[in-house]
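Welcome! Here is a short tour of a few residues and the partners they meet.

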Amino acid sequence: MHGKVAIVTGASQGIGRSAAIRLARDFDAIALVARNRAKLEETAAAVREAGAEPLAIAADLADPTAAAAAVDATVTAFGGLDALLNIAGAVPQIDLFETSDAQWDQGMALKLHGARRLTIAAWPHLKSSQGAVVLMSGNSAQQPKAAAAALGTINAAIVALAKAFADRGIADGVQVNSVLPGAVMTDRRRSGLERWASLRGVTLEEAVARFPREAGIARFGESQEIADLMAFLVSPAARWMTGAALRVDGGEVQAV
């Protein structure tokens, strides 16, 4: 896709980093947004090596002013925008009755409102380019649990938000889809497994082996697998695909 420009949030690590590097095969320029400048620069080097021109934007998208600034910086640097991947956002995994108002607000500020503001700020440019948006949710949107109620609730809201953007995008020529990963092995997942192991009195190695069995899946997913799907969703091959919520979890959620 010659001359194409993308923004990838959460690009300093995990799925966001993998998605940015994967898009470098198809896009000429990629703006990388995350809070950690040092890690962003590492991703930028990998994106450049993969064939695209990177722009590292250190920003906290929970800040209401950050979205417009990130879009402006991208368009100023590269002249336009063709794709937006909203990946940033960690939600506290705390029991329903123990999650404070501040923790609920923290989860929504970045993952939900950050994605909402960034998509709105990018919309005029995406409308002009007939571009594409992906919002990352999670399979807990379809199977919320009391032990991580905020996570499931906010992920469900992301799916609904993507549907709303997709509805507007039919007239504006912007396709919008959401992706719902399951248990993908990232540094954040490994940290979660350390807590999971501690609660069950097992080692981390035992937890890594045991968790997939208890979740009813064959193995953990890989960030590259999610990145490949996202790359498809912002490619010409997916132009008639919009408003979809694509679950990628190894079969963990078995609801129809």
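Asp82 is buried, with 14% relative accessible area (buried means under 20%, exposed over 50%, partly exposed in between, using a 1.4 Å probe and protein chains only). This is a predicted model, where local features need pLDDT of at least 70 and side-chain atom pairs count only at pLDDT 80 or more, while totals for chains, interfaces and linings use all residues. Residues are numbered from 1 along each chain as its sequence is written, and side-chain values use heavy atoms, with hydrogens and water left out.

Asp82 pairs with Lys4 in a salt bridge, their closest N and O atoms being 3.5 Å apart. A salt bridge here is a side-chain nitrogen of Lys or Arg within 4 Å of a carboxyl oxygen of Asp or Glu. Lys4 is partly exposed, at 27% relative accessibility. The structure holds eight salt bridges.

Arg22 is buried at 13% relative accessibility. Its salt bridge with Asp26 has closest N and O atoms 2.8 Å apart, and the one with Asp228 has them 3.2 Å apart. Salt bridges that share partners join Arg22, Asp26 and Asp228 into one network.

Asp26 is partly exposed at 22% relative accessibility, and Asp228 is partly exposed too, with a relative accessible area of 35%.

Is Thr99 buried or exposed? At 12% relative accessibility, Thr99 counts as buried. Leaving aside neighbours within four places in sequence, Thr99 is in contact (heavy atoms within 4.5 Å) with Ile94 and Trp104.
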